[in-house]
Amino acid sequence: MWRRWFIVSIGAVGSVALLWNLARTGSELFYERRELDRAAERVEEMRGRIAGLETERERLKKDHAYIESIARDDLGMVRPGEIVYYFPQNP
């Protein structure tokens with residue numbers, strides 16, 4: 001009789017351990033899948049950014065007016081002999 005209870009107890013403990021392991025593995029798989037989805041979104045963002053940078057690179061190679069506008073607006077450069085007037089902006 002005790003042998004039967006021993007076997008049933010071992011089976012119950014084994015079943016609980018198996019279910020615990022399956023639940024933990026399922027949780028880990030869910031977490032990994034979520035991380036994979038986030039990484040895929042980040043890859044798509046980076047691809048878009050790369051495409052934008054490549055477009056700007058090509059524009060910088062070919063569009064002299066664009067280069068001049070960057071030099072004037074972003075760097076504050078002027079041509080020799082030009083006079084620049086700065087007007088205060090109203091808040």
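What radius of gyration does the protein chain have, and what would a compact globule of 91 residues have? The chain has 33 Å, while such a globule would be near 12 Å. That radius is taken over C-alpha atoms, and the globule rule is 2.2 Å times the number of residues to the power 0.38. Along its principal axes, the C-alpha trace spans about 110 × 35 × 15 Å.

A quick word on the model, everyone. It is predicted, so local features need pLDDT of at least 70 and side-chain atom pairs 80 or more, whereas totals for chains, interfaces and linings use all residues. Residues are numbered from 1 along each chain, and side-chain values use heavy atoms, without hydrogens or water.

Now the helices. The chain has two helices and zero strands, taken as DSSP runs (helices H or I, at least four residues; strands E, at least two). The axes of α1, residues 2-62, and α2, residues 64-73, come within 6 Å and cross at roughly 100°. Axes are lines fitted to C-alpha atoms, over the stretch in contact, with angles from 0 to 180 degrees between N-to-C directions. So α1 is roughly perpendicular to α2 (65 to 115 degrees).

Who touches whom? E56, R59, L60 and K62 of α1 meet H64, Y66, I67 and I70 of α2, with heavy atoms within 4.5 Å.

Note on methods. Angles under 35 degrees count as roughly parallel, over 145 as roughly antiparallel, 65 to 115 as roughly perpendicular and the rest as oblique.
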